[in-house]
Amino acid sequence: MAISLKLSVNGAPVTVNVEPHTLLVQLLREHLRLTGTHVGCDTAQCGACTVHMNGRAVKSCNILAVQAEGTEVTTIEGLSKGGKLHPMQEAFRQCHGLQCGFCTPGMVMAATALVERIPHPDEQQVRQQLDGNLCRCTGYHNIVRAVMKGAEAMAEAEGDDVSVQSLAAARAHAA
Ligand code: FES
Ligand code: FES
């Protein structure tokens with residue numbers, strides 16, 4: 001029997017009917033056509049299906065869709081804003097952190113969640129924290145470089161946001 005589910009996906013409210021056994025990755029790919037989230041193994045080992053649920057990186061092949069009821073889910077399609085790549089996506093592009101690209105959406109989602117938790121990770125932390133994401137092309141060297149560069153760019157972007165907010169607050173105060 002289908003179950004009605006409400007959640008937010010990439011900032012938009014979604015109501016969808018799913019079967020009790022539907023996986024979150026199936027909801028995203030098959031019901032919502034968000035095919036940027038890949039399926040590499042289906043057994044929670046490769047990380048290709050990584051998305052954010054309430055800000056945490058999760059493997060969407062290992063979660064039932066019904067477990068996402070009421071949550072905020074972000075997929076790779078939700079990272080870029082206003083046609084501009086997210087700093088982590090841009091860093092992967094600049095550092096050539098991808099070869100075939102199959103693992104890349106999951107890597108980027110895992111990396112952004114990592115930097116939210118550890119804003120300035122060192123190389124060892126990046127390697128340890130991303131050990132649940134596998135790259136079949138074995139491009140790990142450039143992936144690690146990309147994550148380090150993406151972390152710097154995210155910190156800079158955050159600083160820019162804070163400066164803009166401070167400026168706006170100062171102007172409002174002066175008015
Ligand atoms: S497809 Fe989910 S971890 Fe591999
Ligand atoms: S770039 Fe091919 S699987 Fe990682």
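In the predicted model described here, the buried residues of helix α3 are Thr-104, Pro-105, Gly-106, Met-107, Val-108, Met-109, Ala-110, Ala-111, Thr-112, Ala-113, Leu-114 and Val-115, a residue being counted as buried if 20 or more other C-beta atoms, placed from the backbone, lie within 10 Å of its own, as exposed if 12 or fewer do, and as partly exposed in between. Helices (H or I, at least four residues) and strands (E, at least two) are DSSP runs, numbered from the N terminus. Because 12 of the 14 residues of α3 are buried, the helix is largely enclosed by the rest of the structure. From its first C-alpha to its last, α3 reaches 20 Å, close to the 20 Å expected at 1.5 Å a residue, where the expected span is 1.5 Å times one less than the number of residues. Since this is a predicted model, local features need pLDDT of at least 70 and side-chain atom pairs count only at pLDDT 80 or more, whereas totals for chains, interfaces and linings use all residues. Residues are numbered from 1 along each chain as its sequence is written, while chains are lettered from A and ligands numbered from 1 in the order in which they are written.

Within α3, which spans residues 104–117, lies Thr-112, a residue that is buried because 24 other C-beta atoms lie within 10 Å. Apart from neighbours within four places in sequence, Thr-112 is in contact with Leu-79, His-86 and Met-88, contact meaning that the C-beta atoms of two residues, placed from the backbone, lie within 7 Å. Pro-20, by comparison, is 92 residues from Thr-112 in sequence and 30 Å from it in space, C-alpha to C-alpha. The helix α3 itself lies across β3 and β4 and runs at about 40° to β3, with axes taken as lines fitted to C-alpha atoms, for helices over the stretch in contact, and angles running from 0 to 180 degrees between N-to-C directions.

The strands β3 and β4 belong to an open sheet of five strands with mixed pairing, in the order β2-β1-β5-β3-β4, two strands being paired if DSSP finds at least two bridges between them. At the edges stand β2 and β4, each of which pairs on one side only, and neighbouring strands of the sheet are turned by 40° against each other on average, direction ignored. Strand β1 (residues 3–9) is joined to the antiparallel strand β2 (residues 12–18) by seven bridges, with Lys-6 having Thr-15 in β2 as its bridge partner. These two strands form a hairpin with two residues between them, and Asn-10 in the turn has a positive phi of about 50°. Two bridges join β1 to β5 (residues 72–74) in a parallel arrangement, in which Val-9 stands opposite Val-73. Between β3 and β5, which run antiparallel, there are two bridges, and His-52 has Thr-74 in β5 as its bridge partner.

The protein chain is divided into domain 1 (3–77) and domain 2 (87–174), with bounds that come from an automatic or database domain assignment. The centres of the two domains, taken over C-alpha atoms, are separated by 22 Å, and 15 residues of domain 1 are in contact with 12 residues of domain 2. On the side of domain 1 that touches domain 2, β3 (50–53) and β4 (56–59) each supply at least two residues, the largest share, three residues, coming from β3.
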